[in-house]
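Please keep the model open while working through them.

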Amino acid sequence: MHRKQFLVGIGVCYLALHGHAYAAPPDTTGEPESEPQTKPHHTVTTEQLQRSVARRFPLRYPVPGVLNLDLQVPLLRLLPEQNRVSAEMAVDAAGPALQRSHQGTFEVSFALRYEASDRSIRAHQLRFRRLQFPTLQPGVVDMLNTYGPALAQQSLLEVVLHQLRPQDLALADVMGLQPGSITVTDAGFEIGFVPKSP
């Protein structure tokens, strides 16, 4: 009983200081609960996600002997209904095969996964959506789109989108929990906590 009260006290202090929604440990006394408990989670906002992704850009992708594609900082759009994130970025194409520089857009979407080795949230399950250049001939655009999946892999696959700090996991660790599900919402994404494997 004392251990339960101690853990609840830690939880209350942590919530007061950090504002994360962690639940108190489950009640094993058999007494009825007066209020439903909030599921443990840690929230990452859209702004935090956007700042983390911006650190990797601009990025150059060369098509040897033909041209260079320069990707600018992506604009992220959350897709809660798909539990994915869309990234659209401006791209400049220039090089020996083109008479001048051309501006276009590049779009991919991806899911999120937790990597325990460095406490990071990473992009995975990338889907190439489109690569468009309004001022290029359609045949050239079709040729560039063959490079789309490789460009998506190089630009965002397994990119660290957010890294949890030790203090973000301290209370969960005390409560025997670890990061589990990742849910994309309208405001960012939520990392749910689940019991640690025995």
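1. The model under review is a predicted one.

2. Overall composition. The chain has 198 residues, of which 40% count as buried. Its secondary structure consists of 5 helices and 10 strands. Among contacts between residues at least 6 apart in sequence, 54% join residues at least 24 apart.

3. Confidence. The mean pLDDT of the chain is 82, and 80% of the residues reach 70 or more. Among the elements, strand S4 (residues 75-79) has the highest mean pLDDT, at 96, whereas helix H1 (residues 2-18) has the lowest, at 41. Over residues 1-29 the pLDDT is below 50, although this stretch has 41 contacts in the model beyond near neighbours in sequence. Residues 32-36 also have a pLDDT below 50, and for this stretch the corresponding number of contacts is 0. Where pLDDT is low, the predicted coordinates should not be read in detail.

4. S1 is joined to strand S10 (residues 188-195) by 5 bridges, and Thr-45 stands opposite Gly-188 in S10.

5. The buried side of H2. Which residues of H2 are buried? They are Leu-49, Ser-52 and Val-53. These residues are on the same side of H2 because they cover an arc of only 95 degrees around the axis. The elements that cover them include S1, S4, helix H4 (148-156), S8 and S10.

6. A serine to inspect. Ser-52 lies in helix H2 (residues 46-54). Why does Ser-52 count as buried? Its relative accessibility is 12%, and a residue is called buried when this value is under 20%. Leaving aside residues up to four places away in sequence, Ser-52 touches Leu-161 and His-162.

7. The hairpin of S4 and S5. S4 runs antiparallel to strand S5 (residues 84-94), and 5 bridges join the two. Leu-76 has Ala-87 in S5 as its bridge partner. There are 4 residues between the strands of this hairpin, and Asn-83 takes a positive phi near 55 degrees.

8. Strand S6 (residues 102-115) and strand S7 (residues 120-132) run antiparallel and are joined by 10 bridges. One of the paired positions is Val-108, whose bridge partner in S7 is Phe-128. The two strands form a hairpin with 4 residues between them, and in the turn Arg-119 has a positive phi of about 55 degrees. S7 also pairs with strand S8 (residues 160-163), again antiparallel, through 3 bridges. Here the bridge partner of Ser-120 is Gln-163 in S8.

9. The nonpolar core. How many residues does the largest nonpolar core have? It has 47, and those with the most contacts inside it are Phe-106, Phe-110, Leu-112, Phe-133 and Leu-156. Not counting residues up to four places away in sequence, the residues that Leu-112 touches include Val-85, Ile-121, Leu-161 and Ile-182. Arg-122 and His-124 are also among the residues in contact with Leu-112.

10. Helix H5. In H5 (residues 166-174), the buried residues include Asp-168, Leu-169, Leu-171 and Ala-172. They lie on the same side of H5, because the arc they cover around the axis is only 150 degrees. After H5 comes Gly-176, which has a positive phi near 75 degrees.

Terms used. Residues are numbered from 1 along each chain as its sequence is written. This is a predicted model: local features need pLDDT of at least 70, side-chain atom pairs count only at pLDDT 80 or more; totals for chains, interfaces and linings use all residues. Side-chain values use heavy atoms; hydrogens and water are left out. A nonpolar core is a set of buried Ala, Val, Leu, Ile, Met, Phe, Trp, Tyr and Cys residues joined through side-chain atoms within 4.5 Å. Buried means under 20% relative accessible area, exposed over 50%, partly exposed in between (1.4 Å probe, protein chains only). Contact means heavy atoms within 4.5 Å. Two strands pair if DSSP finds at least two bridges between them. The arc is that of the directions from the helix axis to the C-beta atoms. pLDDT is the predictor's confidence in each residue, from 0 to 100.
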